[in-house]
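Let us work through one model by question and answer. Keep the coordinates open as you read.

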Amino acid sequence: MDGIDYISLDVPAIPADQVNELVAFHNSYYHTQRHSAQWIWQYQTHHAPKAVFTIARNEGRLIATQAMMPIPLRMGPVSILSSKSENTLLLPEYRGKGIMESLYEVAVAECGQKEISLIWGFTEAVKAFRRFGFSVLPAASFYRRIGRNPFVSLRHRLLKPASVKQKVASAAGYVLSLFKNWRAAPTPHVERLPGYRILQHRIDPRDLGRFKARSRQLFPQLISLELDSDYVEWRIRSHPFLKYTEYQVVWNKTLKAYAFVTQFQGTASVSELGAEGEYDATLLLARILEDYGNRCGEFSIMVNPGCPAALGIVAALRVLGFRFSDAWNLVVRDLSNDHRSHLSDLSNWNTSALWTEGYSM
Ligand SMILES: CC(C)(COP(=O)(O)OP(=O)(O)OC[C@H]1O[C@@H](n2cnc3c(N)ncnc32)[C@H](O)[C@@H]1OP(=O)(O)O)[C@@H](O)C(=O)NCCC(=O)NCCS
């Protein structure tokens, strides 16, 4: 379409007034009230020179955004910095004309300049993303369970910035889930076997490294978030808006399971959970249910049930009354020339922690 300017912004140098414009663009479309400080944390405080933010303007008017957020991934033996596709938004009157496809190619070229070889994201807009060159893997499933404080969840749903229709739909969906899941409210007692301890403090990176190494031996093709110290510090320990609890299950001196949990919008979000077996996952999740049950109306966790490394977790979720709730599409675009077919094999993706509360979409 003529008269459209496609612009790649220099992310670390985007001035405050332009950040305000980008945030206002999204808030106005989604009826949200995100703050510029959230945007700045997300894009300008972690690998900012590797972040990509592209926009389209029509005669000066902002009409589209497309972001690529740097996320470290471990793919079998190698670590890479990947891009998570975010902020894909084009004003309705400009859709269906190939504008986002063109903007996407500008963003992809920028990724190439920054030596990023893999883009992925979660989306409902699969038809559009197929056109943008992505493979679609219906991988990421949310499992949810009710907590003992439905009031906080209902309150959040009714007071959040959204249209009245969205608020009513969200509150009605929650009430329905209460009816469906009312039997799950008590936390089942899980007996602690000899030698097992549940700790609630910082996980030693060496223990985590050994845990991950054992997992890679069992599942050499696994693709998962790379929990390097830099990332954990940025996203978990120094998070400016969310407070996380770090859990670990230790058997004698071996780390058997770990989790990062936060309370987000009335929900206890199990942001990352790793467990060697079903018992390790059950013990840890039961403790999380106990700790957060009175404070939250709901628990949620994202897992790929088709990933062999997650089978113990899925079994534990069932034992503890979690139910499959909804599935999201993981979309993947390989920018390398290496024909990495394992990237489009759903079973390789350990999606735990790839979805992250508090990021935009
Ligand atoms: C996604 C988007 C940028 C694509 O723009 P585009 O390239 O001009 O393509 P279109 O809007 O014509 O969409 C292409 C197809 O995808 C579908 N689609 C777009 N967004 C969708 C969504 N959120 N969920 C389901 N389908 C979606 C459209 O209905 C259309 O289907 P059709 O061809 O059968 O009519 C634009 O639709 C948009 O801004 N959507 C709202 C924001 C969004 O959903 N972003 C993705 C979230 S990660």
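Student: What should I know about the model and its numbering before we start?
Tutor: The model is predicted; local features need pLDDT of at least 70, side-chain atom pairs count only at pLDDT 80 or more, and totals for chains, interfaces and linings use all residues. Residues are numbered from 1 along each chain as its sequence is written.

Student: Are helix H1 and helix H2 roughly parallel or roughly perpendicular to each other?
Tutor: Helices here are DSSP runs of H or I with at least four residues, and strands are E runs of at least two, numbered from the N terminus. H1 (residues 16–30) and H2 (residues 36–44) pack at about 105°, with their axes 9 Å apart. Angles of 65 to 115 degrees count as roughly perpendicular, under 35 as roughly parallel, over 145 as roughly antiparallel and the rest as oblique. H1 and H2 are therefore roughly perpendicular.

Student: Which residues of H2 make the contact with H1?
Tutor: Two residues are in contact if their C-beta atoms, placed from the backbone, lie within 7 Å. On the H1 side, the contact uses Ala16, Val19, Asn20, Leu22 and Val23. On the H2 side, the residues are Ser36, Trp39 and Ile40.

Student: Which element gives the most to the side of domain 1 that touches domain 2?
Tutor: Domain bounds, from an automatic or database assignment, are 4–116 for domain 1 and 141–333 + 341–348 for domain 2. In domain 1, 13 residues are in contact with 16 residues of domain 2. H2 and strand E3 (61–75) each supply at least two residues of that domain 1 side. With 4 residues, the element that gives the most is E3.

Student: Is threonine 187 buried or partly exposed?
Tutor: Threonine 187 sits in the loop between helix H6 (164–181) and strand E7 (196–199). A residue is buried with 20 or more other C-beta atoms within 10 Å of its own, exposed with 12 or fewer, and partly exposed in between. Threonine 187 has 19 C-beta neighbours inside 10 Å, so the class is partly exposed.

Definitions and conventions: Axes are lines fitted to C-alpha atoms, for helices over the stretch in contact, and angles run from 0 to 180 degrees between N-to-C directions.
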